[in-house]
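Please look over the sequence and the model before reading on. The paragraphs below go through a few parts of the chain in turn.

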Amino acid sequence: MEESTHTPPFHKILIVGAGPSGLLLALLLAQHNIPTIVLEAWPWLDTRLRATQYGVPATRIFRRAGLLPDFRAASIPKFPAICWRRVADGEKLIEIDMSVVEDEEDRMTVLQLGEMIQIMYKHCMDPARGKGLIDVRFNHWVTGTGQDGERKKAWVDVEIGRQDEEKRLERIEADYVVGCDGASSAVRQSLFGKDWPGQTWDCRFVVQNVYYDGFEKHGWDGGNYCIDNNHWGLIARRGHGGLWRVTYGDPAVGLTDEEYLARRPWHFKAMLPGHPEPDEYRIEQTNLYNIHNRCVDSFKVGRIFLAADAAHVCNPMGGYGCMTACLDVGGLADCFIGYHDGKAGAEILDTYAQVRRDIFLKYVDARSINNLDRVRKTDPWTVLETDKFFGIIQDLNKDKATLREFLMKVSSIEYDFTQHYDNASKGSGTDSVAFPERGGLEVGIDI
Ligand SMILES: Cc1cc2nc3c(=O)[nH]c(=O)nc-3n(C[C@H](O)[C@H](O)[C@H](O)COP(=O)(O)OP(=O)(O)OC[C@H]3O[C@@H](n4cnc5c(N)ncnc54)[C@H](O)[C@@H]3O)c2cc1C
């Protein structure tokens, strides 16, 4: 047998942030024997209420990373449908029957983000899966980055220690740094400053886990997008034992958190079936967010990369944020692996930066804005006739096989970087990369 003479061009990658994107990237790289250090600012994994549903493109990455069986075991067994309702009279306007894909391994994943990252972390620490190649360090708050092209190294400056301790300062070096440190990314700010292109929406998102028997009594199940100019959002069954997630946008601007929460009974009464009073439901946890659609000018500066929310953010209507985050790191992992194993030149790393940014700007940004506008700006009494996306769903609903094919299609937000393998290095790699036209809609959601 011929012995490989290939010497890997790099040895270690430093990932900032132990959120879904950071942990998933570490797992995918460990599968190919590439060691990582993951630095997390907090002493624990994030438990705030954020993502709960991840479309087929993300599920395909979860399967690749070996996470899917554990995600399915933790998830609710069935997610029958996604529908859009008019809040004024509770009328279901249109529905997508998700049962047509219930036997598909890669169907949408439903799981609270907090549970998902716990499973990811367990896999990282598991000697069989993480192979001892993933070094996750909590209480490591990254404050800045730097790089030296000649030495082919990049680094981060870190404050180490718990919040109540005196901090130790350290510089940690690796071949590459990847900022997976979320929307307020210190890595991004160290490269581009505080401001980044895009917009902040004029509303506050109020997100809560809710127990209320009225959902079942009134025949609600699955995901329910609520259309109204004042009371819009998503109400969905999310966990075992009757756990539901209620997310709504409050159009009031500039209130304190307490003032927003004081308005919650008004929103709940309008949106929940049966119009309940506060003593009829139980709220378990609440988080409030400002929501943005933004994208950084470049996902790569020399040896420092940005991925997921650190590189781009979008409003959560339609579940694009984490799904796109997973596609970013799935793609970046393929680029690092191809370069590491000698199947691609260094320019594949530039290809990552360009393609994933183009996809965000061309598809994700626009579609997530359409999804937001559909629930909060349209006329709920005419939207079924006027909305192009609803027209497409109406057509798809005529034939189960067509609907199934649509739900499982390769989406335009996916991109296979292994198509650039065996492409010997051809210079700087900053030329534009054409990406194939595939499935996907100019309006709507990738569910
Ligand atoms: C209300 C809401 C609902 C959502 N619903 C969905 C959904 O259903 N589906 C979907 O796909 N997406 C959804 N999203 C978006 C999704 O939650 C995010 O896109 C996703 O969490 C991004 O993952 P990330 O790893 O990039 O960043 P994060 O999840 O923010 O993780 C970043 C990590 O980096 C750490 N960190 C930050 N700064 C530093 C530092 N300086 N040094 C070291 N570590 C640091 C943080 O503590 C954190 O652990 C939703 C978002 C919100 C707000």
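**A walk through the model**

Ala 308 is buried, because its relative accessible area is 2%, and buried means under 20%. The model in which this value was computed is a predicted one. Ala 308 sits in the loop that connects strand S18 to strand S19 (312-313). Its phi is positive, about 60°, although Ala 308 is not a glycine. Most residues other than glycine have a negative phi.

His 275 is another residue to look at for its backbone. Its phi is near 45°, again a positive value in a residue other than glycine. The loop that holds His 275 runs between helix H8 (264-271) and strand S16 (282-295). Is His 275 buried, exposed or partly exposed? With a relative accessible area of 45%, His 275 is partly exposed, since that class lies between under 20% for buried and over 50% for exposed.

S17 meets strand S18 (residues 304-306) in the antiparallel sense, over 2 bridges. Within this pairing, Val 301 has Ile 304 of S18 as its bridge partner.

Elsewhere in the chain, strand S12 (residues 198-211) contains Asn 209. Asn 209 counts as buried because its relative accessibility is 3%, and the limit for buried is under 20%. Which residue's side chain does the side chain of Asn 209 join in a polar contact? The partner is Gln 112, at 3.1 Å. Leaving aside residues up to four places away in sequence, Asn 209 touches Leu 49, Gln 112, Leu 243, Trp 244, Arg 245, Arg 282, Ile 283, Glu 284 and Gln 285.

Last comes a stretch taken from a record. An unreviewed UniProt entry places the feature "domain: FAD-binding" at residues 12-365. Over residues 12-365, the chain is 30% helix and 32% strand. The C-alpha atoms at the ends of this stretch are 32 Å apart.

Note on methods:
Residues numbered from 1 in each chain as written. Predicted model: local features only at pLDDT ≥ 70, side-chain atom pairs only at ≥ 80, totals over all residues. Heavy atoms only, no water. Pairing = 2+ DSSP bridges. Helix = DSSP H or I, 4+ residues; strand = E, 2+ residues; numbered from the N terminus. Buried < 20%, exposed > 50% of the residue type's maximum accessible area, 1.4 Å probe, protein only. Polar contact = N/O pair within 3.5 Å; in protein donor to acceptor, adjacent residues only side chain to side chain. Contact = heavy atoms within 4.5 Å. UniProt positions renumbered as here; feature names shortened; annotations may be inferred.
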